[in-house]
Structure formats: C-alpha cells, structure tokens
Amino acid sequence: MSIPEPLAAPATQRVFRPDPTLFELREERHRATFSACELPPSTVLVTVHGEIDATNSAALARYIERRLGGATKLVLDLQTVEFFAASGFAALSNVNVVCGRAGVRWSLLAGPHVRRLLAICDPARELPVARDGSRVQYLRARPGDRQLLVGRNH
C-alpha cells in the first residue's frame with residue numbers, strides 16, 4: 001500500500017461578473033459619485049465626480065473592479081474630481097494591478113487636482129494618464145455618453 005500524496009492547500013480566487021441589470025447604476029460614496037457605461041467594443045467608461053479621499057477610495061477601486069468582467073479596455077474619467085487625496089493614488093495603483101492581471105488596457109483622464117497629486121506620487125509616470133491629443137480624449141466630446149452617466153435615473 002502506498003501513501004497518497006498530500007492534497008494541495010485550498011485556494012480562493014475572486015471572480016467578478018457584473019450584473020447586467022445594475023451595470024449603469026450610479027453609486028454615491030461620501031461626497032463622490034461613481035457611474036459607468038459600456039462603449040463598443042468591450043470598453044468600460046467609469047466617470048467619477050466629487051471628492052476622492054480615505055473614506056471612499058477603496059470603494060472606488062472595488063466599483064471599478066466589479067465592472068471589468070468581459071471588458072478589454074477601461075477608461076477612467078477623473079476630469080471633474082474636485083479633491084483627490086493620496087489614498088486616491090493607492091486606489092489607482094490597485095486598479096493598475098487589477099487591470100494588469102485581467103489583461104485589461106486602461107487609460108486615465110485626469111483633471112487638474114488628480115494631475116497635481118500624480119506629479120508628486122507618480123513621478124515616473126507609470127499610470128496610463130492620457131495626454132492632450134490622445135485618442136481616448138474623444139470621450140469628453142460625446143454629450144450622449146455624458147448625459148447617460150450624469151443624468152440617468154436622477
């Protein structure tokens with residue numbers, strides 16, 4: 001009789017599959033509003049309004065992670081963020097890791113408050129901040145998308 005091999009330790013892997021009925025709903029977290037919509041082909045646009053600080057930065061990272069199921073590209077629009085704390089940079093770093101693991105290309109549309117903090121926290125420019133004239137800038141000029149994100153259900 002031989003002794004069986006020991007079983008491998010159980011492992012857990014998180015898999016987020018967004019509920020299609022809840023995809024476009026807004027989420028409000030302590031002076032910030034997160035909203036998302038799908039753009040063809042398999043692109044997720046997440047828009048944030050308000051203030052990002054220690055009270056809602058982790059919620060922002062989770063919100064984005066929950067909406068990545070099936071996407072190949074993420075555009076994170078922080079152009080209208082009025083305050084952006086260092087904890088927001090930690091959330092962006094988390095998004096960068098999650099997107100890297102999932103094979104999702106992502107771009108960050110940063111407003112002046114976000115750019116100011118990124119100049120300090122990301123001097124090597126490792127996060128994919130869209131520069132002026134970037135191909136992803138067309139998203140700002142699409143009023144239909146902006147109305148869907150900001151005005152839906154309210």
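In what sense do strand 3 and strand 4 pair, and over how many bridges? The legends below begin with that pairing. The model is predicted: local features need pLDDT of at least 70, side-chain atom pairs count only at pLDDT 80 or more, and totals for chains, interfaces and linings use all residues. Residues are numbered from 1 along each chain as its sequence is written, and side-chain values use heavy atoms, with hydrogens and water left out.

**View 1. Strand 3 and strand 4 (residues 73–84) in the sheet.** The two strands pair in the parallel sense over 9 bridges; pairing requires at least two DSSP bridges between two strands. Helices (H or I, at least four residues) and strands (E, at least two) are DSSP runs, numbered from the N terminus. The open sheet has 5 strands in the order 1-2-3-4-5, with mixed pairing. Strand 1 and strand 5 (105–110) are at the edges with a single partner strand each, so one side of each has no neighbour in the sheet. Helix 2 packs on the sheet and touches strand 3, strand 4 and strand 5; its direction makes about 180° with that of strand 4. Contact means heavy atoms within 4.5 Å.

**View 2. The salt bridge between Arg31 and Glu51.** The closest N and O atoms are 3.1 Å apart. A salt bridge is a side-chain nitrogen of Lys or Arg within 4 Å of a carboxyl oxygen of Asp or Glu, and by this rule the count is 1. Arg31 lies in the loop between strand 1 (27–28) and strand 2 (32–39) and Glu51 in strand 3 (residues 43–52), so the pair ties together parts 20 residues apart in sequence. Glu51 also stands opposite Phe83 in strand 4. Arg31 counts as exposed at 52% relative accessibility (buried is under 20% relative accessible area, exposed over 50%, partly exposed in between; 1.4 Å probe, protein chains only).

**View 3. The crossing of helix 2 (residues 86–102) and helix 3 (residues 112–121).** Their axes come within 10 Å and cross at roughly 75°. Axes are lines fitted to C-alpha atoms, for helices over the stretch in contact, with angles from 0 to 180 degrees between N-to-C directions. Ala86, Phe89 and Leu92 of helix 2 meet Leu117, Leu118 and Cys121 of helix 3.

View 4. The peptide bond from Pro40 to Pro41 is cis, with omega near -10°. Ser42 has a positive phi of about 45° although it is not a glycine, and counts as partly exposed at 35% relative accessibility.
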